[in-house]
Amino acid sequence: MSIDNRLSACASLVRHGSLVADIGSDHAYLPIYLIENGICPRAIASDINEGPVARARQNVSDAGLEKLITVMLADGLDSASNSAPDDIIIAGMGGELIRDILSRSEYVKDPGVRLILQPMTMPEVLRTYLYEHGFAVTDELICRSAGKNYQIIAAAYDGVPRKISYELSVIGEINSKRIAEKPTESDVLYINTLETALRRRIVGMKSAEAPDTAAISRDISLIEYIAKLRGGIIKN
């Protein structure tokens, strides 16, 4: 099974030997990849819709992995405690939806559980939730796949609420340190794309009949933060 850069980045944060649950697995490509490459001995692929579950079952069967990958119909993490996964992947959803899925589950508060989260939108919403609700962010990656930029966040519950600035909620604390010290090509492309989008948004907001001055100020602050990252200066 070959997977794209986005899923490969998620796979790189999975702990070897763990039982993995891929929530919203769709085609089950990631669990198949993890098993075939010896990263995990067993995996769970779940989805809320019948269509993706049927596709996942077919792909798992075609790979001959029915005994190692359990495919199930489930809403978010509703059945997580029954299977007791070590690593939980939630990828390809909006940051708000991932937040909502996490907020409905007590299982994710087990400190031995690692969360591997890949928000398609609004990473700031997801990070703010993690920080404020006692999840420690342990790793972050930025990757580029099919011409788009993606963030991947690894976190685990430690019960310590934290505060996070808007700038760090968007870019990430670990990402920021890496970008300031030794950025990857994906990091550079990401902050360049982000800055361009911010400048366009500011122009649009300023031309509105009733400009949102608070949002404009927030975006300007983020642009200034990006400039500091480029200069190797980290804003704590």
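Colleague: Which residue in β2 is the bridge partner of Asp22?

Modeller: Happy to start there, with a reminder that this is a predicted model, where local features need pLDDT of at least 70, side-chain atom pairs count only at pLDDT 80 or more, and totals for chains, interfaces and linings use all residues. Residues are numbered from 1 along each chain as its sequence is written, and side-chain values use heavy atoms, leaving out hydrogens and water. β1 pairs with strand β2 (residues 42–47) in the parallel sense over five bridges; strands here are DSSP runs of E, at least two residues long, numbered from the N terminus, and two strands pair if DSSP finds at least two bridges between them. Within β2, the partner of Asp22 is Ala45.

Colleague: Nice! How many residues of strand β1 (residues 19–23) are buried?

Modeller: Buried means under 20% relative accessible area, with a 1.4 Å probe and protein chains only. On one side of β1, Leu19, Ala21 and Ile23 are buried, and on the other Val20 and Asp22 are too. The strand is thus mostly covered, and its buried count is five of five.

Colleague: What share of the contacts between residues at least 6 apart in sequence joins residues at least 24 apart?

Modeller: A contact means heavy atoms within 4.5 Å. Among contacts between residues at least 6 apart in sequence, the share joining residues at least 24 apart is 68%.

Definitions and conventions:
Buried means under 20% relative accessible area, exposed over 50%, partly exposed in between (1.4 Å probe, protein chains only). Helices (H or I, at least four residues) and strands (E, at least two) are DSSP runs, numbered from the N terminus.
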